[in-house]
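Hi,

Here is the structure I promised to pass on.

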Amino acid sequence: MNIAIVGAIEQGLLFAVMVLGVFLTFRILNFPDLTVDGSFAMGGAIAATLIVDGMNPFLATALAMAGGAIAGVFTGVLTTKGKINGLLAGILTMIALYSINLRIMGKKSNIPLLREETLYTKAQAVSIFDFQIYGVSVASSIVFLIMVLIVKLMLDWFLHTDLGLDIRATGDNDRMIRSFGANTDTTTIIGLALSNALVAASGALVAQYQGFADVGMGIGMIVIGLASVIIGEVLFGTKSIMRLTLAVILGSIVYRLVIAFALRQGFLASDMKLITAIIVIIALILPNIMKGVWKIGRTVKGG
């Protein structure tokens, strides 16, 4: 295990928090939320700005989550109360957040964190996990893994509460759940708030991990999130909520490992969007190909 693989796993774990947020809207709530690109950058902007100002990184990350939740509420209000198409509501919020994020960052497009105390530096300093594999420290990887598993278990628990079941029912059949007296506007807004809180938390964590926050760091996050969700579902199954959340986390890690492998084969960083698109296409068509092969095999066997 070399440093590139460890780095890919660490990134996969950090981005997995964002992927869980995307999973919540696209798979559970059945809502095409494009707010993600803006709320991810917002999380990084809030956390970086507050850390530079001397705030504890734990509190800065919590406030970043609150900012993401507010962005999600705004999108939810636009689509439920303003009757704006969900896709368009997300786009409008994403566009507005670009200017808001610049304001948060003091009209600077980049805030460095290399000399600041962050959650990443704290994770590296946790001596209880300070051991190496093939000469590479995996202390921070273990801390990130524990953190992501806690988020996963909390999301699993929430989705089995009455409110969580209402959100799941809203995504499955909003007319049916309304007939039982549930307020689907409220469940939609809460679902979007929770999703974007997770996305913003991931943005804050990634900014601290890479040592800077950039106003454009959220570009393409929705595609990366969807790619990870699809990869996880295809490779690890969708039989239950607990298995689904684990699958999307593993999908995020697999996605980062594929990207790391592509870079080692000579691809440029500018090729990553193309590689992501190819990964998504393969993940989408592979199940259909496998079904076709399975049917042909059964036909041949039956003949």
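Below is what I found, going from the whole chain down to single residues.

A word on the ground rules: this is a predicted model, where local features need pLDDT of at least 70, side-chain atom pairs count only at pLDDT 80 or more, and totals for chains, interfaces and linings use all residues. Residues are numbered from 1 along each chain as its sequence is written, and side-chain values use heavy atoms, with hydrogens and water left out.

Overall picture

The protein chain has 12 helices and 4 strands (DSSP runs numbered from the N terminus, with H or I of at least four residues for helices and E of at least two for strands). Its radius of gyration is 20 Å against the 19 Å that the globule rule gives for 303 residues, so the chain is as compact as a globular protein of that length. That radius is taken over C-alpha atoms, and the rule is 2.2 Å times the number of residues to the power 0.38. Along the principal axes, the C-alpha trace spans about 65 × 50 × 35 Å.

Of the 303 residues, 49% are buried (under 20% relative accessible area; exposed is over 50% and partly exposed is in between, with a 1.4 Å probe and protein chains only). Of the contacts with a separation of 6 or more, 74% join residues 24 or more positions apart, a contact being heavy atoms within 4.5 Å. The accessible surface comes to about 15,000 Å², and carbon and sulfur atoms hold 67% of that (Shrake-Rupley method, 1.4 Å probe; for residues, only the protein chains shown count as cover).

As for charge, there are 21 positive and 16 negative side chains, and the centres of the two sets lie 9 Å apart. Lys and Arg count as positive, Asp and Glu as negative, with His and the chain ends not counted; each charge is placed at NZ of Lys, CZ of Arg, CG of Asp or CD of Glu.

Annotated spans

The unreviewed UniProt entry lists several stretches as "transmembrane region", among them 58-79, 244-263 and 275-294. UniProt positions follow the numbering used here, feature names are shortened, and annotations may be inferred rather than shown by experiment. In the model, 58-79 is 100% helix and 0% strand, and its end C-alpha atoms lie 32 Å apart. Residues 244-263 are likewise 100% helix and 0% strand, with 29 Å between the end C-alpha atoms.

Arg264 lies in α11, which covers residues 241-264, and counts as exposed at 58% relative accessibility. From Arg264 to Gly72 it is 37 Å, C-alpha to C-alpha, and 192 residues in sequence. Leu246 is also in α11 and is partly exposed, at 37%.

Ile279 sits in α12 (residues 272-302) and is buried at 12% relative accessibility. Which residues does Ile279 contact, leaving aside neighbours within four places in sequence? They are Ile231, Tyr255, Val258 and Ile259.

Two loop residues to check

Asn30 is not a glycine but has a positive phi of about 55°. Asn30 is in the loop between α1 (3-28) and α2 (36-52), and is exposed at 55% relative accessibility. Lys107 has a positive phi too, near 65°. Lys107 is in the loop between α4 (86-104) and β1 (110-112), and is exposed at 64%.

Cheers
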